[in-house]
Amino acid sequence: MSNQEPGTGISIDVRNATKRYEKSVAVDDVSLSIKPGEFITLLGPSGSGKTTTLNLIAGFTDLSSGSIEIDGRRVDNVPAHKRGLGVVFQHYALFPHMNVAENIAFPLRQRKIPKEAQARMIGEILETVGLAGYQDRYPKELSGGQQQRVAFARAMVFDPMALLMDEPLGALDKNLREKLQLEIKRIHQEVGRTFVFVTHDQEEALILSDRIAIFNNGRIEQVGTSSDLYERPESLFVARFMGESTVFKSAVSSNGTDWSMDFHGTTIHGAASGGTPSSGALVLRPEQMRVAESESEVPLGSTMVPVKIIQNIYLGSGHKYELLLPDGTTGIVRTPRERGTSLRPGDNAWVHWNAEHGVLLNDHDLVSTT
Ligand code: ADP
Ligand code: MG
């Protein structure tokens, strides 16, 4: 089948890809370099251009401009079935009149693999996806999760150097989805091929990916590991899409070493690091802040802002607070169990943090995330 070593994959380079439709731009100057063997996820809200980007890579959609390279070779004019990629969609699209073995054999027949080899390969791939012995079943005799496993098997049976998946778990219920996420991760580690996965579910992206590309409005906002995106978001959109955040917005002044903002009567400050925006949004993650019942409980030197408690939820492992900030927006704080308080909805309190925490971003208006 493949003339490359197991445990490798291919690189995929999307360069300045644009896909224009009559009334819209689905993908707008997207560039993305996917490394061999990497698990990369295209994450973003519905309509942000994920599927179109995947289809451009797969060859199901033509570029308006830009180029796609697979393994360093330009494939803009190579038809989909000659790009050597496996593809799985949200809806399994199995042939109903064919049994499992016949469904999986489809790409092997296209490649003219001898019958005996086909049977062996089908047996092996069914084992990989946890369906050993299911050769003779028909799709209607399988659950949704099992049908999707067959779809995976069919996409992987010819050992493609890359597997593209478009929301493959989107139609499954939560438990099954979580189980299959772990299996996809295991299969990726086992086969070592390049996996490109599309989802709008950030938790799914966190579980699966080596790197995540965040899509917004046909563009990539940021590409990075999950910790890059969580700890060093480069835009408010990324901060809001990846995990929970509390945002303090105000005009910023900087003296070169420190910046400060007046937030509804309290001063918030931090260390300046080149290019301090004049209109700032300070992003804090829920575990970077604490909640205090009175001013005297706030450690000396901490930044603090008065808040009203909306909710104080006991979660076993800790507390989650929903807070009303002085500007009318809401904030979220998560603390370990031993730091909990008896604050109740409506109580006045203080949210506080060490000035080292937080990322100061430019306060661009958010693009709708619907
Ligand atoms: P996602 O997968 O992130 O939900 P898509 O890539 O499917 O987003 O779509 C991105 C944008 O392009 C959407 O606004 C969508 O309506 C538009 N679009 C996608 N396919 C077509 C098409 N065939 N014709 C016209 N517009 C399209
Ligand atoms: Mg889509």
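This is a predicted model: local features need pLDDT of at least 70, side-chain atom pairs count only at pLDDT 80 or more; totals for chains, interfaces and linings use all residues.
Residues are numbered from 1 along each chain as its sequence is written, and chains are lettered from A, with ligands numbered from 1, in the order in which they are written. Local features need pLDDT of at least 70 and side-chain atom pairs count only at pLDDT 80 or more, while totals for chains, interfaces and linings use all residues; side-chain values use heavy atoms, leaving out hydrogens and water.

Reader: How many helices and strands are in the protein chain?
Author: Let's start with how they are found: helices (H or I, at least four residues) and strands (E, at least two) are DSSP runs, numbered from the N terminus. Counted that way, the protein chain has 20 strands, and its helices number eight.

Reader: How far apart do the C-alpha centres of domain 1 and domain 2 lie?
Author: Domain bounds come from an automatic or database domain assignment, which here gives domain 1 as 12-231 and domain 2 as 244-365. The whole protein chain fills a box of roughly 80 × 45 × 40 Å by its C-alpha atoms, taken along the principal axes. Between the C-alpha centres of the two domains the separation is 40 Å.

Reader: What span does helix α5 reach from its first C-alpha to its last?
Author: Helix α5 covers residues 174-191, which is 18 residues. The expected span is 1.5 Å times one less than the number of residues, and for α5 that gives 26 Å. The model is close to this, with a reach of 26 Å.

Reader: Which elements cover the buried residues of α5?
Author: The buried residues in α5 are Leu180, Gln181, Glu183, Ile184, Ile187 and His188. Contact means heavy atoms within 4.5 Å. The cover includes β3 (39-43), α3 (115-128), α4 (144-156), β7 (162-166), β8 (194-199) and α6 (202-208).

Reader: Is glycine 59 buried or exposed?
Author: Glycine 59 sits in the loop between α1 (50-58) and β4 (65-70). Beyond its neighbours within four places in sequence, glycine 59 is in contact with Ala80 and Arg83. Because its relative accessibility is 19%, glycine 59 counts as buried.

Reader: And glycine 72, is that one buried or exposed?
Author: Look in the loop between β4 and β5 (73-74) to find glycine 72. Its C-alpha is separated by 26 Å from that of arginine 154, 82 residues apart along the chain. Since glycine 72 has 54% relative accessibility, it counts as exposed.

Reader: What is the relative accessible area of threonine 335?
Author: Threonine 335 belongs to strand β18 (residues 330-336). Leaving aside neighbours within four places in sequence, its contacts are Met289, Arg290, Gly318, His319, Tyr321 and Gly340. Threonine 335 is buried, and its relative accessible area is 5%.

Reader: What is phi of glutamate 167 near?
Author: Most residues other than glycine have a negative phi. Glutamate 167, in the loop between β7 and α5, has a positive value. Its phi is near 45°.

Reader: Where does histidine 264 lie?
Author: Histidine 264 also has a positive phi, about 45°, although it is not a glycine. You can find histidine 264 in the loop between β12 (258-263) and β13 (266-271).

Definitions and conventions. Buried means under 20% relative accessible area, exposed over 50%, partly exposed in between (1.4 Å probe, protein chains only).
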